[in-house]
Amino acid sequence: MPVSDPISDLVGLAAFIIIITGAAFLAGRYVAAVFGGNIHLPFLVRMENSLYRFLGTSPENEETWKGYARDMLLFNAIGFCVLFFILLAQGFLPANPQHFPGFSAVHALNIAISFVTNTNWQVYSGEAAASYLTQVAGLTVQNFLSAATGLCIAIALMRGLTRELTGTVGNFWVDMTRAILYILFPLAVIASVVLLSQGVIQNFDPSFTMAGYGGAAPQTIATGPVSSQEAIKLLGTNGGGFFNANSAHPFENPTPFSNIFEVFLILLIPAALPFTFGRMSGNMRQGWAIFAAMLILFVAAFGVLYAAELGGNPVLTSLDVPGISMEGKEVRFGLTGTVLFSTSTTAVACGAVNAMFDSFTPIGGLVPMFLILLGEVVYGGIGSGFATMIAFIVIAVFIAGLMIGRTPEYLSKKIGIFEMKMALIVILVPGILVLVFTGIALVTKGGTAGIFNPGPHGLSEIVYAFASMANNNGSAFAGLNAAATFYSLSGVIIMAIGRFIPAVAILALAGSVAEKKAVPSGQGTLPTATITFVLWLIAVILIIGALTFFPLFAMGPLAEQLALAGGF
Amino acid sequence: MRLKRPLQTATLLFVVLFLVSGVIYPLLVTGIGDLAFSSQAHGSLVRDRNGTVIGSMLIGLDFEGPYYFQGRPSATPGNPYNAGLSGGSNLGPSNPVLAERVNQTISALGRQGISGPWPGDLVTASASGLDPHITLEAALAQVPAVAEARGMNKEEVRALVLSEVEGRQFPFNPEYVNVLSLNRALDGEG
């Protein structure tokens, strides 16, 4: 029985896409109802209202984009401080049966920023460095809060786009509460239980020794509260694993079913947001248009990655090891399960992995890198991907307007200079970070010392690292020595800028369009819910992504692929 | 001061959401796990007749052939199948170290009388370094060597392998066997 069978793989993929589309459609409507304040369960509403009284706020108390941004930044600053403290003081805190010492200041800084920004780039090996308290009260909390923050920003943007003549975009405290209470918390509990049923562990036992069998040596095994962390790490598109091997570890992802279920969790909320937007704008076609653009890019990326890995590694084939290269892959997922997970985790800004990208074929490794560098607009990180997609739409509408002489407008709102500036900040900031820091890494000792694999592959490792951090993904070509001071400290700057500058720009964009009057569409309007526009949008995304990064792709993965194929 | 009031609200909300997501949530899931999925929650452990924990159904062991079926090479730090620190080799496809390591594994298999073409999973390191499974192909390739080492009938061993096949939850997953489970069946245990 071969490891892969393209025809049945294709059928499986099609079935999965139908299921995820249906689920995302329903979830999108639900999310719209939650943030519209249209969930009327008496018990929960009473609880919500007394919480707002306790906080001294109420849903009617809406804010301008500046107030919303201020609240968001303050709230995240508190989260950062608490997590930073937990990481430093871990050695003195309870629930630490392995007696792990506290993290160094540099690593604590990196980890705290990493989890607050929804990146979950990991400079540590979870099972060998983080206590149960750190995993549960430190990292899991930020998995919830950073995901909810991203969701709030996307919702504020949707409000801005669908309102007119108002200065307000919502109440951050209320949005935050609803994101956790109605969406992330219940979904995470259900997902945890499903994962438990498959064999994902959940306990506070200290690590223990197993006796071994038939000559196989005894093993000391790491254990802990994994299921609760796993569920929210995927749902919240965070991606930071409990174990070093992340979702490749059998305790995080034990069966073929748990694998597909985890992919489902990664995609669910990001894929739901276009439908939420359609619902909120009262025009589902707009939502479908965005979803279609994302889906086309997703299927294309899946296809390229699948084909690249199906081709195998010529080096291994020449040693009489036919078929796909299984280095860095797990048997139980099969090729499709591996490719589907890898495509999803980088299309969405999740960053969990079930295989080691460093060991993929060069083109196979290029696909996740490319998806991240496009700004993770294919579904995208919870909230942030949708927002980046809107920024691309603004630019697509503007360029099209210039080309055919029509007024640039989107959803009856005129796109002006300010909106263009904000959209460009959202799109260009991560790219500039990647290019500048890759340059610095290549000419400094600290940068090149971290490389693990020789040749063009080493460049791929560096580019991938900065792409992953600047776009808040968190996956890695894990051979790179991420724990080195150069990468830890540069990562702090990159992750913080890559998250919060675009976030504030998105809120500014939201505030600016909320103030505008909607102009009825007329002869000069460019329709944005058509197939033509969807294709145009995809072209704009690919052109910007390709132009920015093509030289790096050529010197890294493409050069390696040519060398491999040529037998060098 | 415009920051004082939002800072106060932010602190209060953080405390509430910290309790919900960092205390109530993990404890609730732990409680459900203990009640409904106790065996899974504690690691799907395998015990021998005396009740000693010998391993986990989900964590591979470092078996040596040909008396036992062997699992995949493991690149975990320290020693192979280090269940305390998971991870793959991260060797790139063009890294000469990868080709060299695969070659060594192939030679070792050859010395045990297993011949090529070699199933990919049997000569490469998994992502976790703890992969408990090998493909059906990789198990069948070992059948003649194991049968000879044990003085058993090849067909008998082959039938045992086929009775251990799992992994048909989805049409696009390969058939595979759990190495620990297969080896225990070989010994007439479990």
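Chain A and chain B meet through 107 residues of chain A and 100 residues of chain B, where contact means heavy atoms within 4.5 Å. This is a predicted model, in which local features need pLDDT of at least 70, side-chain atom pairs count only at pLDDT 80 or more, and totals for chains, interfaces and linings use all residues. Residues are numbered from 1 along each chain as its sequence is written, chains are lettered from A and ligands numbered from 1 in the order in which they are written, and side-chain values use heavy atoms, leaving out hydrogens and water.

**The interface**
- About 8,400 Å² is buried between chain A and chain B, with carbon and sulfur atoms giving 69%; buried area is the accessible area (1.4 Å probe) that two parts lose on being put together, summed over both.
- There are 2 salt bridges between the chains (a side-chain nitrogen of Lys or Arg within 4 Å of a carboxyl oxygen of Asp or Glu).
- Glu327(A) forms a salt bridge with Arg101(B), and their closest N and O atoms are 2.6 Å apart.
- Helix H7 (residues 172-198) of chain A gives the most to the side of chain A that touches chain B, with 12 residues; helices are DSSP runs (H or I, at least four residues), and strands (E) have at least two, both numbered from the N terminus.

**Chain A overall**
- Chain A has 19 helices and 6 strands.
- Its C-alpha atoms fill a box of roughly 75 × 55 × 50 Å, taken along the principal axes.

**Chain B domains**
- Chain B is divided into domain 1 (4-41) and domain 2 (45-186), with bounds from an automatic or database domain assignment.
- The C-alpha centres of domain 1 and domain 2 of chain B lie 40 Å apart.
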